[in-house]
Every structure is written in structure tokens, then in C-alpha cells.
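Biologist: Could you take me through the ligand site in close detail, please? I would like to hear what surrounds the ligand and what the neighbouring space looks like.

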Amino acid sequence: MSKAKAVPPGAVIGILGGGQLGRMLALAAARLGLRTHVYAPEEDSPAFAVAHAHTRAAWDDTAALSRFAENVDVVTYEFENVPLQAVALLARMRPVRPGERALAVAQDRWREKTFAAGLGITTPPFANIETEGDLAAAARAVPLPAVLKTRRFGYDGKGQVMLRPGDDLAMAWNTLGRVPCLLEGFVDFACEASVLVARGMDGVVVAYDVPRNEHERHVLRRSHVPSGLAPRTELRAVEIGRTLAGSLDHVGVLAVELFVVRQADGTETLVFNEMAPRVHNSGHWTEAACDMSQFEAHVRAICGWPLWPPERHHDCVMTNILGHEAKEWMRWAAEPGVVLHLYGKGTIREGRKMGHVTRLLPSHGAKTRQA
Ligand code: AMP
């Protein structure tokens, strides 16, 4: 067992980032008698409404960060683009879980793919582009079709350009502002999946069933559980999650997005896409269909509470509610077996994640504790 003392009920978890993930973490913490203090720069942060306290300040406001640290017992984050300088400052005052390492790796697509490949996890072919001089070598290493992605700050397909045979790599790099990029082979996948694991301070890792994920315009639309993938594919996915979490000495939930490639003979292989050192959209169904949600698992892990293997009691499909669809809330609210979660966002924008619904389906009786 880890020597660090458990963060007890009544203590305060500091959450960096005020989006829906922070909101759901705060709700899970409240259920365990823990308090939360959310730090975010945006005025309309949906997590503010459900936290015990909040600080609205910029990421480089060192005085506000120090005051925040003084008022919390442990710090976590709900998105991986928290500036590392802010995290480093906080880490001098309070434990930050997951640590700076997971964050540094996950913030940079090149570092993250290099890290995964170094652990024997299959990735698409990839090459780093930092200068004009890197372009020719990258073009040789990664045949087209390929995807050019900014190394940092890309999400939901933002900061990405698809390159087809005949397209000009230099021109695409110009389009992305000549910032450090990763050129990565296009994966002709049969479907996408993810794995969510939670790792405690004592090194115990628990895993959720693997969701199969459907994206629309690069944004997650639906997660299906069970995935319908071959059992050995799911086992491999969990192994990938465990390997990454263990190698990073991660504490908390870690989500890994994977491409499933199907060979002509039906066998499936998994190709690493990216990871998030935090709770993840493709795990929202755990709140309605499991005896411990990903949010609770994360809170338990960072507070040094015991983790036990979560069990799924229903099959389910989680669907994101995007933009103006939120106006349909009454329709979902009226449907039995549909667990509705709205994020309380005041402003509707095209494609904005406004909430999600988890449609519970009869389970086929499978007991799915993974560890
Ligand atoms: P990302 O932001 O890297 O997760 O990319 C968003 C989505 O773009 C993924 O979920 C895939 O649907 C698609 N995508 C990204 N990279 C690739 C790739 N190398 N090959 C095929 N599709 C990709």
C-alpha cells in the first residue's frame, strides 16, 4: 500500500478546468462527502455551479494559483491542456494527481506516440515535423494518405489536415501555421474503441468494459457497450491501458483511444491513437450502467481510497447531445430507461457538447468485472 494518507471526507479537491468533466467530477466527489474547488478562466464554466468554491482566473495568475493551492488538499485536472507551469507551481504546494509526467506526455502527440511505441504498442507510422528540413524525411517515412496534426492543442479533429496521394505536405504544414506537427499514416479502421482504466496510489489498476465509439465530424457521437469486438481484442485493449498507466505511474483514470483494424480473415488488431490522463467522454456511460462511475473511480484514486473492479449491470448506448439538440431535453426526459445528463451550459453553440443520454438496454447477464 502507498504510504500517502487518504484524503478524507470533508477535504477539498482542487479541479483545474471548469467544463463538463470537472462538473461531473465535482458531483461524484460530493457524493463521497468531499468538497471541490474549481479553477478556470472562463466565466461560463459549467463546473462552477456544482462546486463548493471556484476561482475564476487566468492560468498564468500565480497569486490566484497559490491562493487556490492553499485552499485545497489535492489537485487534479479535467483537461490535458492545463499549462505545465501552472501545474508545476501547484505541485510545489499540494499533491497533483495524475502527476506532471502523464500531462506532459499527453499534451504532445509526438511524445505520446513515441511513448506508446516504446512500450510495444502498435501506432500508425509517424514522423515529427518541426522545421522545413523535416518535411522530406517525414514524407519518406509516412506514405500518403496521412493525417497532419499539430503536436499540441489539437482536439476533436481541430488542428488536423488530411493528406491524400498527390497532396503537398509543405502546403498543408503552412495551413497549420508551421507549428510543430506530427505526420501520421491514415489508418483504414473498421471502427474505433477506447479503454478506460483507473489506477490507484497503491498501483492497483481496474478497467471498464471497452466501448466502441462512433465519431461524426471528428466528434464523439455514440459509445456502445458491449463493443461487439472479439474478446481477445478487448483483453488487449485493457492490457494497453494497464501498460500505459503503470509505465506513467499514473494515478486516476486514463483513457486510451484506439483504432480497430480488421484483417481479411476477421482478426482484429488495435492501433494506438491517443490517450487522455483524465476522465473521458467515451466513459460517460459508466455513470448509468456501472456500480462505480469513471468519475467516482478518479476521485477515489486521487484521494487514495480503495478501488475495486467496477461491474456493468446494463448494456447501453451513450449519445452526446450536441448544440441545438439540447432543446429536445423533454423528449429524453420522458423516455423510460434513458438516463439524461445535462451540463447546464447557458449558451448553445453548433456542435457544443451540451449533455449526454445513456440508453440502458437489458444486459445479457455477463458479469463483467475485469480485474
Ligand atoms: P484525434 O483528435 O487524433 O483523436 O482525431 C479525431 C478523429 O479523427 C479520430 O477519432 C478519427 O476518427 C480520425 N483520425 C485521427 N487520426 C487518424 C488516422 N491516423 N487515421 C484515420 N483516422 C484518423
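Modeller: Happy to! Let's start with where the ligand sits: its shell draws residues from both domain 2 (125-185) and domain 3 (191-361), so the ligand lies between these two domains. Please keep in mind that this is a predicted model. The division of the protein also includes domain 1 (12-96), and the C-alpha centres of domain 1 and domain 2 are 34 Å apart.

Now for the shell itself. There are 17 residues around the ligand, and those that come nearest are Lys 149, Glu 184, Val 187, Glu 192 and Glu 274. Sorted by class, the shell holds six charged, six polar and five nonpolar residues. Four strands each supply at least two of the shell residues: S6 (146-150), S8 (181-185), S13 (252-262) and S14 (268-276).

The side chain of Glu 274 has an N or O atom 2.7 Å from an oxygen atom of the ligand. Gln 160 also uses its side chain, placing a polar atom 3.0 Å from a ligand oxygen. With Val 187 the backbone is involved: one of its N or O atoms is 2.8 Å from a nitrogen atom of the ligand. As for cover, the ligand taken alone would expose 470 Å², and the protein buries 94% of that area.

Searching the whole structure for cavities of 30 Å³ or more turns up one, and the volume of the largest cavity is about 30 Å³. Its lining is made up of Glu 192, Ala 193, Asn 213, His 215, Glu 257, Leu 258, Phe 259 and Asn 273. By class, the lining divides into three nonpolar, three polar and two charged residues. The strands that each supply at least two lining residues are S9 (191-199), S11 (212-216) and S13. Of these, S13 gives the most, with three residues.

Terms used: Residues are numbered from 1 along each chain as its sequence is written. This is a predicted model: local features need pLDDT of at least 70, side-chain atom pairs count only at pLDDT 80 or more; totals for chains, interfaces and linings use all residues. Side-chain values use heavy atoms; hydrogens and water are left out. A residue is near a molecule or strand if one of its heavy atoms lies within 4 Å of it. A polar contact is a pair of N or O atoms within 3.5 Å; within protein, one must be able to donate a hydrogen and the other to accept it, and residues adjacent in sequence count only if both atoms are side-chain atoms. Accessible areas come from the Shrake-Rupley method with a 1.4 Å probe; for residues, only the protein chains shown count as cover. Ala, Val, Leu, Ile, Met, Phe, Trp, Tyr, Cys and Pro count as nonpolar, Asp, Glu, Lys and Arg as charged, and the others, Gly among them, as polar. Domain bounds come from an automatic or database domain assignment. On a 1 Å grid over the protein atoms alone, a cavity is a set of points where a 1.4 Å probe fits but cannot get out, and a pocket is an open set with protein on both sides within 12 Å along at least five of seven lines; lining residues have an atom within 4 Å of a point. Grid points are joined across faces, edges and corners, and a volume is the space filled by probe spheres set on the points.
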